Each structure stands twice: as structure tokens, then as C-alpha cells.
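Please find below a short note on the model under review. The points are set out by region so that each can be checked against the coordinates.

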Amino acid sequence: MTNTAWHAHRERVDRMATAVAGSEGRVRLRKPTSNLFRPRQDNARTGIDAAALNHVIGVDPSARVAEVEGMTTYADLVDATLPYGLAPAVVPELKSITVGGATTGVGIESSGFRYGLVHDTVEELDVLVADGRVLTCSRTQRPDLFYGFPNSYGSLGYAPRVRLRLIPVTPCVRLEHTRFAEPEALFAAIGSECSQPQCAYLDGVYFGPGEFVLTRAHFVDTLPAGAEVSDYTWMRPYWKSLRQRREDYLTVHDYLWRWDTDWFWCSKNVGAHLAPVRLLLGRKRLSSVTYQKIMRASHRWPLSLLQSVRPRTESVIQDVDIPIANAAAFLADFETAIGIRPVWICPFVVPERGFSLFSLRTDTPYINFGFWDMVRSAEPDGHYNAVVEELVVRHGGKKSLYSRNTYAESVFWQNYDREAYQALKRECDPDGRFPGLYEKTVQRQ
Ligand SMILES: Cc1cc2nc3c(=O)[nH]c(=O)nc-3n(C[C@H](O)[C@H](O)[C@H](O)COP(=O)(O)OP(=O)(O)OC[C@H]3O[C@@H](n4cnc5c(N)ncnc54)[C@H](O)[C@@H]3O)c2cc1C
């Protein structure tokens with residue numbers, strides 16, 4: 001890592017710290033992309049511009065770490081590490097997710113069954129707090145802030161720099177897709193991979209009752225004779241291949257972004273599953289960034305005519321984490337109460353306790369269930385999201401806060417440790433210049 005890169009980084013942070021300290025009223029950040037799935041306030045004019053903090057400061061191949069600015073997207077970070085035969089230990093699969101967003105927002109992916117969540121792979125970070133101070137924290141330096149930052153969603157401060165752990169990767173991966181009819185058999189197979197990992201990456205999909213696919217990805221240096229890598233970046237959606245193939249090969253780059261092209265399978269909501277639409281959009285525009293833009297436009301200009309003739313729906317976009325022993329029962333209840341399909345199944349372990357605002361058990365693997373769709377509804381708006389919250393509590397789990405949340409304040413703080421949060425808030429933001437966690441994630445302030 002060069003001195004020039006560090007110097008330029010410090011200048012960018014100083015500029016932002018001065019802007020934060022000198023601003024009046026509520027501090028809001030302005031960023032060009034977001035994967036939040038609740039309408040955000042428009043900070044286009046008033047927010048403090050964080051976009052410049054988007055550089056990979058350096059990659060240290062011998063220590064296997066990357067020093068990265070908070071607004072750097074994982075797409076840019078992966079491009080910087082792959083030439084060294086390295087990748088971040090956990091790479092959230094939407095290209096526009098940023099390192100800071102994933103650290104504060106509990107990022108996850110299919111290496112979680114080995115390494116945990118994104119914040120488990122963070123070694124150190126800086127937090128720019130409301131009065132313009134930059135607080136460095138790690139497991140040994142200001143540990144309360146280090147362990148309290150994940151799931152704080154920018155309500156304590158902004159991370160201008162994160163040091164992340166890297167792992168060695170090979171140019172290609174071999175995928176093995178195994179079908180299961182019974183959830184118990186699927187979760188047993190996942191449980192044994194979590195206790196004795198054999199593959200490099202592990203995730204699965206629930207397509208409907210009796211139809212599960214578990215995908216194990218293995219690192220390979222070279223392809224066997226006659227094998228070719230598949231391409232799911234344009235006309236062929238990756239998720240369809242899971243039901244059609246038993247084995248497949250991808251470059252490691254394409255594996256890491258396999259879900260981005262179709263936003264898992266959600267591209268069908270904007271017609272991008274249709275061949276002519278895919279042809280017209282082309283490779284570049286088939287990406288989570290395009291779908292985000294469409295989603296944000298639909299928040300700004302609701303298609304009122306269409307909405308008046310369509311049946312009423314509620315958007316249920318959630319990722320929830322359930323201890324593996326309760327996973328089959330959760331899924332059965334979910335199928336009855338919500339019924340969204342497909343559902344993404346991503347196992348992860350919890351290597352370390354102590355992340356106060358997202359505390360999980362260390363004695364069990366968890367299953368992250370991801371479901372993102374509209375549910376037909378004759379109920380008051382928010383009903384189905386509240387049902388999801390009840391199911392998560394009933395099955396001993398925890399819910400990510402990136403999307404809609406309906407918790408009453410007392411229930412919310414039973415789940416997310418009010419005392420630890422208030423202590424951190426007093427240290428980082430005593431005057432409440434950043435919105436509080438409950439206000440921001442539930443009341444959408
Ligand atoms: C449909 C959908 C599917 C998803 N699936 C997955 C998934 O499979 N795996 C996964 O890991 N995640 C998933 N996510 C969630 C995503 O990782 C989180 O929402 C994450 O916080 C987004 O990061 P971002 O960089 O886009 O930040 P944003 O969406 O812009 O911001 C998220 C929050 O973090 C705060 N924030 C952003 N940057 C920083 C920073 N540097 N310091 C402090 N606070 C900051 C913002 O203020 C905001 O409150 C999904 C989201 C959606 C909408």
C-alpha cells in the first residue's frame with residue numbers, strides 16, 4: 001500500500017469530516033447507489049457527499065487484507081483483489097453493495113458457512129462521528145464501537161475506511177447442484193458442511209414444497225478435458241440452471257456475481273426474464289443497479305393507474321436468520337403464512353459473540369432465508385411484514401433491518417440491545433445529529 005494512496009485517502013476523509021462537523025441540523029449522507037429497500041429521504045441536495053470515498057486504498061497479498069474506503073463497491077474491490085488470486089472472505093452478491101454498507105448492514109453470502117457474516121471478516125475500521133472525529137476501532141481498540149457498528153445502519157457514524165480479510169481463490173469453480181425433497185435432509189447436509197467444510201461456497205434455493213437445490217462450489221485450478229465455463233451474464237439466467245444441471249463450471253468472478261444479473265430471480269418483475277427484453281438490455285444493463293433504479297423510480301412516481309386496476313399487494317422484501325434446528329419449521333410456517341417462492345437459503349456460522357446490535361448464538365449455524373416479492377393482500381398495509389417478524393421471533397431468529405420493519409419500539413429493543421446502543425450513541429452522537437436506529441429503520445426518518 002503506497003504512501004500516496006494513504007495520503008489521498010486522508011485528504012478525502014478530512015474534507016468529509018470538516019463537512020460533517022460544520023453542517024447544521026441532521027447529518028445525512030448522499031450516495032449514488034443503495035440497496036436499502038425502504039424509501040429513503042431524498043438527500044440529493046442536503047446530504048453530505050460521501051461518493052468520493054470509493055477507493056481501494058491498497059491490497060496486501062502477504063497479510064491477506066485490503067484497506068478499503070467505505071463507499072467502495074464490492075465489484076470494484078473484487079476487481080482489485082482477483083489479480084492477486086484473492087477475494088474478500090465474504091462477497092455480498094449484489095455488485096453495488098458497498099463495503100461500509102455491508103459492514104453496518106450485516107452483509108452475507110455463500111462463504112458464510114466458513115467465515116460468518118461480513119462484519120466477522122472485518123479487522124479494523126474508522127468511524128466518522130457527528131462532531132467530525134474519526135475513531136479507529138478493532139477487537140482490541142474501542143471494542144464497544146467495533147462490536148456495536150454492525151446493524152447500526154449509519155446511525156452512529158459513517159465508516160470511511162474498513163480493513164477486510166481476504167482469502168485465496170482459484171480462477172474457476174466447479175458447481176455441484178444436489179436436489180432434496182425433504183427440508184430435514186437438506187438442513188442435515190448443510191449442518192455437516194458447516195461443522196466440517198468440504199466445499200468453498202455453499203447456498204441453496206427453495207423452489208416449492210419438495211423441491212430444494214443445494215449448491216456446493218469447489219475451487220478448481222483448471223477445467224477437466226472437454227468442460228467449459230458457463231455464461232449467465234446475458235441470455236441465460238443462472239437461477240434456472242439450478243433445476244436443469246447437476247454440475248457446472250464458472251469463472252470465480254462470474255460465480256461471485258452469479259445472482260447480480262437477475263437480482264436473484266427478481267428481474268422477472270420488470271420483464272427481464274423475457275428473451276427479447278434481455279437482448280435489448282444487453283449484458284451491462286442486466287444488473288442489480290438497473291433494477292434498483294427502476295425500483296426507486298417506482299417509489300417516486302407510483303404507477304397509480306396501474307395500481308388502481310391491479311389487485312392490492314404488499315411488498316415483502318426480507319432476509320431473516322434462523323438457527324438451523326428451527327429452519328425446517330420456520331420454512332413450513334413461512335410457506336403457509338406468506339408463500340413467496342423461490343426462497344434463497346444461505347447458511348452461516350457465528351465465529352464470535354459480542355456484536356451487540358446483532359447478537360447471535362455461537363453454538364449453532366444459522367440459515368439466512370431471503371425472499372423478495374409482492375404478496376396479494378386484503379389486509380392493512382404492513383400485515384405480512386409483521387407476520388414475518390412474528391415468525392422470526394417464534395423460531396428464535398433475527399431479522400436484517402435493510403427493508404420494511406414494523407416493530408413496536410419495546411419489541412424492537414428486546415431484539416437489538418437498547419443499552420449497548422444508547423451507550424454508543426452517547427459516545428458517537430450525543431446531540432442526535434444522526435437519526436436513531438429505531439427512527440431510521442422502523443419509522444423511516
Ligand atoms: C433485494 C435485496 C436483496 C438483498 N440481498 C442481500 C444478500 O443476499 N446479501 C447481503 O449481504 N445483503 C443483501 N441485501 C442487503 C444489503 O446488503 C444491505 O441493505 C446493505 O446495507 C446495503 O449496502 P449499501 O452499500 O447498498 O448501502 P445503502 O443501501 O446505501 O445503505 C444501507 C445503510 O447503511 C448505511 N451506510 C452505508 N454506508 C455506510 C458506511 N460507510 N458507514 C456507515 N453506514 C453506512 C446507510 O446510511 C444505510 O442506513 C439485500 C438487499 C436487497 C434490497
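This is a predicted model: local features need pLDDT of at least 70, side-chain atom pairs count only at pLDDT 80 or more; totals for chains, interfaces and linings use all residues.

1. Ligand shell. The ligand is surrounded by 29 residues, and the closest are Gly70, Gly100, Gly101, Gly105 and Gly154. Two or more residues of this shell come from each of helix 3 (99-104), strand 8 (158-168), strand 13 (313-323) and strand 15 (366-376). Helix 3 provides the largest share, namely four residues.

2. By residue class, the shell around the ligand holds 13 nonpolar, twelve polar and four charged residues.

3. Buried face of helix 12. Which residues are buried in helix 12? In this helix, spanning residues 327-337, they are Ala327, Phe330, Leu331 and Phe334. Viewed down the axis of helix 12, the buried residues fall within an arc of 95°, so they line one face of the helix.

4. The buried residues of helix 12 are covered by elements including helix 6 (183-195), strand 10 (201-208), strand 13, strand 15 and helix 13 (383-394). Strand 13 and strand 15 also give two or more residues to the shell around the ligand. On the face of helix 12 turned away from its buried side, Ala332 and Thr336 are exposed.

5. After helix 12. Gly339, which follows helix 12, has a positive phi, near 75°. In the loop between helix 12 and strand 14 (343-348) lies Pro342. The peptide bond from Arg341 to Pro342 is cis, and its omega is near -10°.

6. Most residues other than glycine have a negative phi, and most peptide bonds are trans.

7. Why do Asn151 and Phe264 count as buried? The cut-off is 20 or more other C-beta atoms within 10 Å. Asn151 is buried because it has 26 C-beta neighbours inside 10 Å, and Phe264 is buried because it has 22 other C-beta atoms within 10 Å.

8. Ser195. Ser195 is part of helix 6 and is exposed, with 10 other C-beta atoms within 10 Å. Its C-alpha atom is separated by 9.5 Å from that of Thr364, although Ser195 and Thr364 are 169 residues apart along the chain.

Notes. Residues are numbered from 1 along each chain as its sequence is written. A residue is near a molecule or strand if its C-beta atom, placed from the backbone, lies within 6 Å of it. Ala, Val, Leu, Ile, Met, Phe, Trp, Tyr, Cys and Pro count as nonpolar, Asp, Glu, Lys and Arg as charged, and the others, Gly among them, as polar. A residue is buried if 20 or more other C-beta atoms lie within 10 Å of its own, exposed if 12 or fewer, and partly exposed in between; C-beta atoms are placed from the backbone. The arc is that of the directions from the helix axis to the C-beta atoms. Two residues are in contact if their C-beta atoms, placed from the backbone, lie within 7 Å.
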